[in-house]
Amino acid sequence: MMLTYHCFWLLFWVGQPHQSFSSPLSKRTRGFPEKEKVLELSGNNRKEFTRSKRSWMWNQFFLLEEYTGSDYQYVGKLHSDQDRGDGSLKYILSGDGAGDLFIINENTGDIQATKRLDREEKPVYILRAQAINRRTGRPVEPESEFIIKIHDINDNEPMFTKDVYNASVPEMSDVGTFVVQVTATDADDPTYGNSAKVLYSILQGQPYFSVESESGIIKTALLNMDRENREQYQVVIQAKDMGGQMGGLSGTTTVNITLTDVNDNPPRFPQSTYQFKTPESAPPESPIGRIKANDADVGENAEIEYSITEGDGSDMFGVITDKDTQEGIITVKKALDFEKKKLYTLKVEATNTHVDPRFLYLGPFKDSTTVRILVEDVDEPPVFSRPAYILEVKEDVPINSIIGTVTAQDPDVAKNPVKYSVDRHTDMDRVFNINSGNGSIFTSKPLDRETLLWHNITVIAAEINNPKQSSRVPVFIKVLDVNDNAPEFAMFYETFVCENNQAQSHRRVILLLSFQLIQTLSAVDKDDSFSGHQFSFSLAPEATSGSNFTIQDNRDNTAGIFTRKNRYNRHEMSTYLLPVVISDSDYPVQSSTETVTIRVCACDRRGKMQSCNAEALIHPTGLSTGALIAILLCIIILLVTVVLFAALKRQRKKEPLIISKEDIRDNIVSYNDEGGGEEDTQAFDIGTLRNPEAIEDNKLRRDIVPEALFMPRRTPAVRDNTDVRDFINQRLKENDTDPTAPPYDSLATYAYEGNGSVAESLSSLESVTTDGDQDYDYLSDWGPRFKKLADMYGSVDSDKDS
């Protein structure tokens, strides 16, 4: 085919020596251009041809892509009927690629392509041609447009849209089930030849899958493909152009196909019988064992539900499904008893929860197995005959009286003997005890219902052979009441009568006439009375005769006290103690004697008490004990504050810095800067008084800016200056023992420097003894510490000189 095309273009004639009309631009030409006849010019008809017409040989060129020749590829030739062959015309080319990709011979009109052309990059080039007069530069023909069309060759192989396809199809699918569609594209021209006609074929994956040659649809080709046998398949698909003919280009892709699961496998137990053991002490809901039915499917298709369908232990045991492991867990539902039943048989069924109706023909999607459960005997603690005991006992029961019995026995086959005891944490006072052999409970201390109505104790029953096996039972003991408490006043009664009160007509005035009611009494009884209490009140026998008061029983458990005379004198008798006897009506009868206190008080005209000879009934107005204590504490705090203030003020009292001429302290102040205070250990070193040679020559102060230092004048120092040492020690001892001395760290006097002082004497006292003026210029040589002194004394000398 390629050879045939090349020969065709080599034989293609592109030029005409005579005039011809070009075909219209919109008309497609195939093969050779259509020739048109041109009228020749003659003398009798020259006027008809006064205007020359141009004529193109063609308006469309065809060019093969991917030219591999060494020379420029010839495209075609342009010719104007105005061209006489004398070189007066010049051909010009413009448009797509003109001058770069396409060139034209301006004399002959031959067009050539300078580069290889690729149809897939640009299939059509539109250019414009024009013939102009070389001499005038004017066009002799209007500009015309033509097309260069690139003919395709099969130079592109089919390309799939994906390098790898992933697809899935359910297992057990019918033949011809759609899996996936692959697509390949060819960049060649689909309208020219078969270069872009693609056909599909399968290279790998048979006989499981097939592909449609034209559509690229992959389908199943084998019946009943089982995922459990093989899950993954790799299929290779080829796409070939030229309609699949020999010599066509091809491309391949890989398709990974996965068979998805369907529920085509029923669950199956690997064993027909399972056997488990469990102790009889296993609590409810406790697991006994696990069973599992195998299912070859996966996901929800393998989900299993377990159930007990029959058996003699269906009410004693249950089964639940573990959703994570798809196992059946056998559990205890009720308490087991080895002595009652030792073996249980269950039938457990496993069923798929998601059944696919399409595969019901494969059989029922369930399976069953037999589970045998053996109950093991354990040493159980004794069991009481009741879950709790309630006993009653009268409060007057004698000590060591039996009030009831508890019973427990060993439920095991051995029937081990049992001993009883009382949990002393529930009977701290040891009011009760128990017979360890028969469980009889008896009292060990007297009971009192009024103190404690209920006694709640715990009895322990333990095996004699194995005391660790024990059980407990609560025993509630109610103490019954007996009439052992006498009635008594409901409250403490204290009343008063007014002395020498005369009767008055005002109705609100209290008149102390005979049988005047002055107090109402009531009583209470700690004992119970089912029919209600009935109390009687009377005066004690010793108070019945000659008493100034009498009592009247109201028959409603109250009584009133009345006066028996009109006048009372508190100077004769200020207080009367009236004994009252209170009796109940229960058996045996209980009675008690209570005392009522009656005071004689001074009253106003209205009968209100003003004062009594003894302690007044109403407390006088005054301060309470708490208020007195608070006042006392405030006084003490005030005194302590005053003492502390006085001590602090005394401690802060200072003496003048200079009491006498002899008491001059070593305080050297630099006026041009702030000193370091008491913590400044470099402002002055008193150690130089004892050892003058220990002066550090280059030691600078840290509290001031360094200045130029001058070496001070030195005098020979005494090595053992005992005079200075004794003086300093004496003064230090005096100041340590003096409580009024200020807390200076170092003490010295300027008046006494000692022998061999480096600075010599600084005292101004000795200056008065000198006859002439003293020279202080050496102070300037001592450094910045004595700069202020040097300025002061130097200025004085200068003033004198002036």
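In what sense do β10 and strand β14 (residues 217–220) pair, and over how many bridges? The two strands pair in the antiparallel sense, over three bridges, where pairing requires that DSSP finds at least two bridges between two strands. Within this pair, Q181 stands opposite I217 in β14. The structure is a predicted model, in which local features need pLDDT of at least 70 and side-chain atom pairs count only at pLDDT 80 or more, while totals for chains, interfaces and linings use all residues. Residues are numbered from 1 along each chain as its sequence is written, and side-chain values use heavy atoms, with hydrogens and water left out.

The chain holds five helices and 41 strands; helices (H or I, at least four residues) and strands (E, at least two) are DSSP runs, numbered from the N terminus. Of its 802 residues, 35% count as buried; buried means under 20% relative accessible area, exposed means over 50%, and partly exposed lies in between, with a 1.4 Å probe and protein chains only. The accessible surface of the chain comes to about 49400 Å², and 52% of this belongs to carbon and sulfur atoms. Accessible areas come from the Shrake-Rupley method with a 1.4 Å probe, and for residues only the protein chains shown count as cover. Among contacts in the chain with a separation of 6 or more, 67% come from residues 24 or more positions apart, a contact being heavy atoms within 4.5 Å.

Strands β10, β14 and β13 make up an open sheet of three strands in the order β10-β14-β13, with antiparallel pairing. Its edge strands are β10 (178–181) and β13 (209–211), each of which pairs on one side only. From one strand to the next, the twist averages 25°; axes are lines fitted to C-alpha atoms, for helices over the stretch in contact, and angles run from 0 to 180 degrees between N-to-C directions. Strands of a sheet pair through backbone hydrogen bonds, either parallel or antiparallel.

A further open sheet has four strands in the order β9-β16-β15-β12, and here the pairing is mixed. Strands β9 and β12 stand at the edges with a single partner strand each, so one side of each is left without a neighbour in the sheet. Neighbouring strands of this sheet are turned by 30° against each other on average, direction ignored. Strand β15 (residues 232–240) and strand β16 (residues 250–260) pair in the antiparallel sense over nine bridges, with Y233 opposite I257 in β16.

Most residues other than glycine have a negative phi, and most peptide bonds are trans. M172, in the loop between β9 (164–170) and β10, has a positive phi near 60° although it is not a glycine. M172 counts as buried because its relative accessible area is 17%. K415 likewise has a positive phi, of about 50°, and is not a glycine. K415 is found in the loop between β27 (408–409) and β28 (418–422), and its relative accessible area of 49% makes it partly exposed. A cis peptide bond joins Q206 and P207, with omega about 5°; P207 sits in the loop between β12 (199–204) and β13. Y587 and P588 are also joined by a cis peptide bond, with omega about -15°, and P588 lies in the loop between β39 and β40 (591–603).

Strand β39 (residues 575–583) pairs with β36 in the antiparallel sense over four bridges, and F537 stands opposite I582 in β39. In a regular strand the side chains alternate between the two faces of the sheet.

Finally, S436 lies in the loop between β29 (432–434) and β30 (440–443). S436 counts as partly exposed because its relative accessibility is 42%. Leaving aside residues up to four places away in sequence, S436 touches V418, K419 and Y420. S436 and A461 are 25 residues apart in sequence, with their C-alpha atoms 8.7 Å apart in space.
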